[in-house]
Amino acid sequence: MSDQKTTTTPKIPAQPGPKPVLLEVDEVTLRFGGVVALDKINFKIYEGEILGLIGPNGAGKTTSFNVMTGVYRPTSGAVRFRGEKVTGRKPHQISRMGISRTFQNIRLFPEMTALENVMVGTDSRHKTSVPGALFRLYRVKPKPEELPQVTATSGIVRTWQEIRRTCAKMFGLSRHILEERAAEAKSLELLRFVGIADRANDEARNLPYGYQRRLEIARALATEPKLICLDEPAAGFNPAEKEELLSLIRRIRDMGLTVLLIEHDMRLVMGVTDRIVVLEFGRKIAEGAPAEVSRDPRVIAAYLGEPADGAA
Ligand SMILES: Nc1ncnc2c1ncn2[C@@H]1O[C@H](COP(=O)(O)OP(=O)(O)OP(=O)(O)O)[C@@H](O)[C@H]1O
């Protein structure tokens, strides 16, 4: 009977379903006094895509990043990440949810080495912290009432306390040390990934500009995000550096991450993104594939500063 069923079942080739939505910006408005920085913005970011967010100066691109990462709370509307509301959460909580970012104006710890800067990013993933390890030492100290069989002053108690304290020191701290080492190895791997491992031990302030930009990306990756938001990562880059960045962004996506990219260099944006959202004066004026968007009269007008035919 079951054989018959199998042979009569029509063979339908597996269809790739629509990609799941990773992040949704839902009717987001943000006012700064009289300035409407974002005006009922809607767009979605799908898992695994590279989405470009473009628009002329002051269009609301960085403000959108700031709303997604908890720097600003929208006046109305909401941002959802994997179906969960991001709006109202603190930046570090959002980072733990899986969103990380770089900044338009590089924000590194200048006196820390490149490696240490990346290790800071891994911190949110540590199970053990120094205070955590020390707290465990304190906590494992047994109270006399936990040892009802003997008196608090007996030699047995003192020996037991010593043994437990020594074990705690060994296991609590060694776990911490192991985690530190793992964080260091992972950070070094990330420096290699972005191509700057040769300067791992140099202070961030002494690194060339292009290295600092890539260090920011390594640090953002260290939080193990699902979505990485890059705010003008190619600013100040020469053409060769831009090519390298393009390949780096593709490799980040190939690792399984989703990328949101703010970038003014149109060649870079058109060359690397799957889709583009265009903002102007805080409003979304276009959305679609790069070729489609680049032909859109409203987009052309926004960039050339001329009114588009038929545009509202
Ligand atoms: N903290 C703030 N207080 C007041 N106005 C702000 C603030 N942040 C942004 N704005 C305003 O919001 C609008 C959008 O700014 P935003 O920085 O998001 O633009 P942008 O598209 O990122 O521009 P650029 O390409 O120049 O970085 C601008 O009019 C800006 O002046």
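The model is a predicted one: local features need pLDDT of at least 70, side-chain atom pairs count only at pLDDT 80 or more, and totals for chains, interfaces and linings use all residues. Residues are numbered from 1 along each chain as its sequence is written. The protein has 11 helices and 10 strands, taken as DSSP runs numbered from the N terminus (H or I of at least four residues for helices, E of at least two for strands). Of its 312 residues, 31% count as buried. Here, buried stands for 20 or more other C-beta atoms within 10 Å of a residue's own, exposed for 12 or fewer, and partly exposed for anything in between, with C-beta atoms placed from the backbone. Among contacts with a separation of 6 or more, 66% link residues 24 or more positions apart; a contact requires C-beta atoms, placed from the backbone, within 7 Å.

**Around the ligand**

- The shell consists of F32, V35, A37, G55, N57, G58, A59, G60, K61, T62, T63 and Q104, where a residue belongs if its C-beta atom, placed from the backbone, lies within 6 Å of the molecule.
- Two elements, β2 (35–46) and α2 (61–68), each give two or more residues to this shell, and α2 provides the largest share, with three residues.
- By class, there are four nonpolar, seven polar and one charged residues in the shell. The nonpolar class is Ala, Val, Leu, Ile, Met, Phe, Trp, Tyr, Cys and Pro, the charged class is Asp, Glu, Lys and Arg, and the others, Gly among them, are polar.

**A closer look at K61**

- K61, one of the shell residues, is found in helix α2.
- K61 counts as buried because it has 26 C-beta neighbours inside 10 Å.
- Leaving aside residues up to four places away in sequence, K61 touches L53, G55, I262 and L279.

**The four-stranded sheet**

- An open antiparallel sheet is formed by four strands in the order β2-β1-β4-β5; strands count as paired if DSSP finds at least two bridges between them.
- β2 and β5 (84–85) stand at the edges with a single partner strand each, so one side of each has no neighbour in the sheet.
- β1 (residues 21–32) runs antiparallel to β2, joined by eight bridges, and V21 stands opposite Y46 in β2.
- Two residues lie between the strands in the hairpin of β1 and β2, where G33 takes a positive phi near 60°.
- β1 also pairs with β4 (residues 76–81) in the antiparallel sense, over five bridges; here L23 stands opposite F81.

**Helix α8 and its two faces**

- The buried residues of α8 are L245, I249 and I252.
- Viewed down the helix axis, these buried residues fall within an arc of 60°, so they line one face of α8. The arc is that of the directions from the helix axis to the C-beta atoms.
- An α-helix has 3.6 residues a turn, so residues three or four places apart point the same way.
- Cover for the buried residues of α8 includes β3 (50–54), β7, β8 (258–262) and α9 (266–272).
- On the face turned away from the buried side are the exposed residues P239, A240, S247, R251 and D254.
- Just after α8, G256 takes a positive phi of about 105°.

- E232, in the loop between β7 (227–231) and α8 (239–254), has a positive phi near 50° in a residue other than glycine. It counts as partly exposed because it has 19 C-beta neighbours inside 10 Å.
- F281 lies in the loop between β9 (275–280) and β10 (283–288), and its phi is positive too, near 50°. With 14 other C-beta atoms within 10 Å, F281 is partly exposed.

Notes
Contact = placed C-beta atoms within 7 Å.
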